[in-house]
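Here's a quick briefing on a structure, with the main points grouped by topic. Have a look at it first, then read on.

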Amino acid sequence: MSEWWTYRAEDFLLFSPRVYWRMFELHNAALWPLHLLTLAAGLIVILLIARRPGSGARWLALILAILWIFVGWAFLWNRYATINWAAAYLAPAFAVEGVLLLIVSLRGGLAFDRRGLAGWAGYLILGFALAGQPWLALLQGRGWASSEVFGIAPDPTAMATLGVLLLARGRLLPMLLPIPALWCLLSGMTLQTMGEPQAWAPYAVLVLAVAAWTWTITRRRRSPDTRMADVLKENGT
Amino acid sequence: MGTTRRTFVRASLATAASALLPISPHAEQGLPARRPIPSTREEIPIVGLGTWITFNVGDDALLRDECAAVMAAFFEAGGRMIDSSPMYGSSQPVIGYGLQKVGRPSALFSAEKVWTSSGASGPAQIEQSRRFWGVPKFDLVQVHNLLAWKPHLQTLFQMKAAGALRYVGITTSEGRRHDLLEQIMRSEPIDFVQFSYNVVDREAEARLLPLASERGIAVIVNRPFRQGELIDRLKREKLPEWAAELGVSSWAQLMLKYILAHPAVTVAIPATTRVDHVRENLSAAAGPMPDLAMRQRIAAHVKAL
């Protein structure tokens, strides 16, 4: 693209806010009452984490995997791509996240024993994604019909996943983080370009998640146990 | 943009030349005035219909019907040119839906674009666009935003020679790459050029508009209201009393008349989702047009607000 520096975010916005929010109305109407099932799946996710599961972590990852693949196909591919051709390129990213979560489900690569600030931030984000995000439509005068619901719409699904990952530990965690984090960034930019106040929601979730991870990593590096482990590793003992 | 002496002299000469243009009787009958396409002398109404953002409504049946109503009102008020692009999301199938609903009016002047970085895939994209519209062939196909303009122009000239389209054009927007556009206007036998021009973005007055007149190239003006930004900015301001001399009742009409009065402009293509607005836009193409002094007054007044 020539003279890229002359382009603004508005130049890439292909649709009006009215068309965007009506898209959620139509999507919700087409899928109702599936929302009850996806919200129930969200509550099961919270319960499985709260019980600090062993094998339950596999089921948790499986639930998220199914929902990521479903949202990528039903919302991004079949609906959002009709007004935004870029969504056709984003839908496969949702499928990739789903496949990664499936791998985690099969290999059991996550443990849910995170405590402290990261844990609380994870619960806060998870709670907001399930119970807070759907209210934003009402608060902005659009009514329930265009609410974004976990497992149906991409924003609460990505936010809830970030919340879950804040509560988790495991070697596969770094692979699972980029797609939901990037989606929150992209969605915030889209909403901001449309002039929608609720752009703060994905931005705030992203900032909170990054802050919690930064705090966790910094604290881990400073802890005596970690320093001792590093010394032992350096001495080859 | 500041008005230099050279710009002022060019604009004065252009406006003086407009007095010599054939007067369209349509404007006197309340229909939109027409201007000839220089390469064929075919006359076309000076207000068309853009579809950027406004017609990208996806599969939403209610909004598709609203777009069809806008198209029906556009044709009923004497409009002809509808402009779209493969870049505009679902706008092309929505136009096709609207055309089917209003009965494919013979007045339609279909203006499309080719928008792909691969010259080889241009013909397939144009054919896909034609299917979306449901027309036998396009009147005009333009190279969108100068993307891969060399191979696409070659394709379009071949299609024109074979009778698969009637006119060839090239587009840009928001003042980008005017130097290259000018070079193409000087060197290629294009029928149409499309760029942004409005009461505050007046860069085209200096070189592009005079060059289009000189080379006999029809001009399509996009973003006449800066994608609605100018209307939003001015809606709280009172329309000046002297605007009544032009028979206008809104800022949109005054800003459109500013553009349409430039003799090098062939068609302006405001986009809208509302039937009352499309009628308002077309009515700006009828009645008296501002002379040079009035155009300067409009520009100065808007700039001062």
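Helix α10 (residues 251-260) of chain B has ten of its ten residues buried, so it is largely enclosed by the rest of the structure. Buried here takes 20 or more other C-beta atoms within 10 Å of a residue's own, with C-beta atoms placed from the backbone. Helices are DSSP runs of H or I with at least four residues, strands are E runs of at least two, and both are numbered from the N terminus.

This is a predicted model, where local features need pLDDT of at least 70 and side-chain atom pairs count only at pLDDT 80 or more, while totals for chains, interfaces and linings use all residues. Residues are numbered from 1 along each chain as its sequence is written, and chains are lettered from A and ligands numbered from 1 in the order in which they are written.

**Around α10(B)**
- The buried residues of α10(B) include B:Trp251, B:Gln253, B:Met255, B:Lys257 and B:Leu260.
- They pack against β9 (218-222), α9 (229-234), β10 (267-268), α11 (275-283) and α12 (292-304) of chain B; contact means C-beta atoms within 7 Å.

**The nonpolar core**
- A nonpolar core is a set of buried Ala, Val, Leu, Ile, Met, Phe, Trp, Tyr and Cys residues joined through C-beta atoms within 7 Å.
- The largest one has 149 residues, and those with the most contacts inside it are A:Ile125, A:Leu162, B:Val219, B:Met255, B:Leu260 and B:Ala268.
- Helix α3 (residues 56-77) of chain A gives this core its largest share, eleven residues.
- Leaving out residues up to four places away in sequence, B:Val219 touches B:Val193, B:Leu209, B:Ala212, B:Ala264, B:Val265 and B:Thr266.

**Chain A**
- Chain A has ten helices and zero strands.
- Of its 237 residues, 39% are buried.
- Among its contacts between residues at least 6 apart in sequence, 72% join residues at least 24 apart.

**α3(A) against α6(A)**
- α3(A) packs on helix α6 (residues 154-166) of chain A at about 160°, with the axes 10 Å apart; axes are lines fitted to C-alpha atoms over the stretch in contact, and angles run from 0 to 180 degrees between N-to-C directions.
- That makes the two helices roughly antiparallel, a label for angles over 145 degrees.
- Among the residues that meet are A:Leu64, A:Trp68 and A:Phe75 in α3(A), and A:Pro154 and A:Val164 in α6(A).

**Between the chains**
- 14 residues of chain A are in contact with twelve residues of chain B.

Technical notes. Two residues are in contact if their C-beta atoms, placed from the backbone, lie within 7 Å. A residue is buried if 20 or more other C-beta atoms lie within 10 Å of its own, exposed if 12 or fewer, and partly exposed in between; C-beta atoms are placed from the backbone. Angles under 35 degrees count as roughly parallel, over 145 as roughly antiparallel, 65 to 115 as roughly perpendicular and the rest as oblique.
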